[in-house]
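Subject: Structure handover

Hello,

Please find the structure below, followed by notes on what was found in it.

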Amino acid sequence: LIMGCMGLYLHRYLRECMTTRTLLLLGLISVLVTGLCLAFSRFDAYMMPISLGLMLVAVLFDQRSALYMNIGLGFVASLLTNASSGLFSVTMFSVLLMSMVSGPIILSVLGRRGQRLTTLLAGALVGVSNFLCTLAVGLVNSADLANVLTNALWAMSSGIISAILCIGLQPVLESIFNLATNSKLIELSNPNQPLLRRLLLEAPGTYH
């Protein structure tokens, strides 16, 4: 149902981008993020890399679509929490809140530069944001400060894990789907690239 809503959004606002390659990319990212969240939830629900989908879609496709997909994946991730028993729990609310708050933070950082190191900065800021969100929700609902701080620290690691996974997966997805992202173009603009080096030697005027 959530992916169907995403499809309606693409059809309404990004119809020109609805190619087979785009749909495969978004579908693969959705399945990949959901699988990783499920795997991490076995250890601790607050460690789930809920921001990974937003980061990947933002750097590989479109930032508006990334924000919309982040909402959908946030709902999916909240349903995968170990504390979920069919009822609305504190863990579900914390995970969903982390997802909602991290979206604007990531886009504001990634929107300025396309380098991969910027992704690490976004992950660090998301980690701080996750820590504060989990701490705030925990203090409202629990008197056990030690347990709240532990959950907040696990939530902080979620942002860093998302950034590391994004940096690792981005070149793979770029290669598989032949995408010309900002990071890829920066790498290709290196004068040591064979074609640019040949252009500089044989046609310096054209190169400049």
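E202 and R198 are both exposed (over 50% relative accessible area with a 1.4 Å probe, protein chains only; buried is under 20%, partly exposed in between). This is a predicted model, in which local features need pLDDT of at least 70 and side-chain atom pairs count only at pLDDT 80 or more, while totals for chains, interfaces and linings use all residues. Residues are numbered from 1 along each chain as its sequence is written, and side-chain values use heavy atoms, with hydrogens and water left out.

The side chains of E202 and R198 form a salt bridge, at 3.2 Å from N to O (the rule: a side-chain nitrogen of Lys or Arg within 4 Å of a carboxyl oxygen of Asp or Glu). The count by this rule is 1 salt bridge. Because E202 and R198 lie 4 residues apart in helix 9 (residues 194-202), about one helical turn separates them. Helices are DSSP runs of H or I with at least four residues, numbered from the N terminus.

N130 sits in helix 6 (residues 116-141). N130 counts as buried because its relative accessibility is 0%. Beyond its neighbours within four places in sequence, N130 has contacts with M98, A155, M156, S158 and G159 (heavy atoms within 4.5 Å).

On the surface, L117, L120, I160 and I164 make up a nonpolar patch with about 390 Å² of accessible area together. Patch residues have over 30% relative accessible area and no salt bridge; nonpolar side chains (Val, Leu, Ile, Met, Phe, Trp, Tyr) are joined within 5 Å, like charges within 9 Å. Areas are from the Shrake-Rupley method with a 1.4 Å probe, and for residues only the protein chains shown count as cover. Helix 6 and helix 7 (145-177) each contribute at least two residues to the patch, and I164 belongs to helix 7.

Regards
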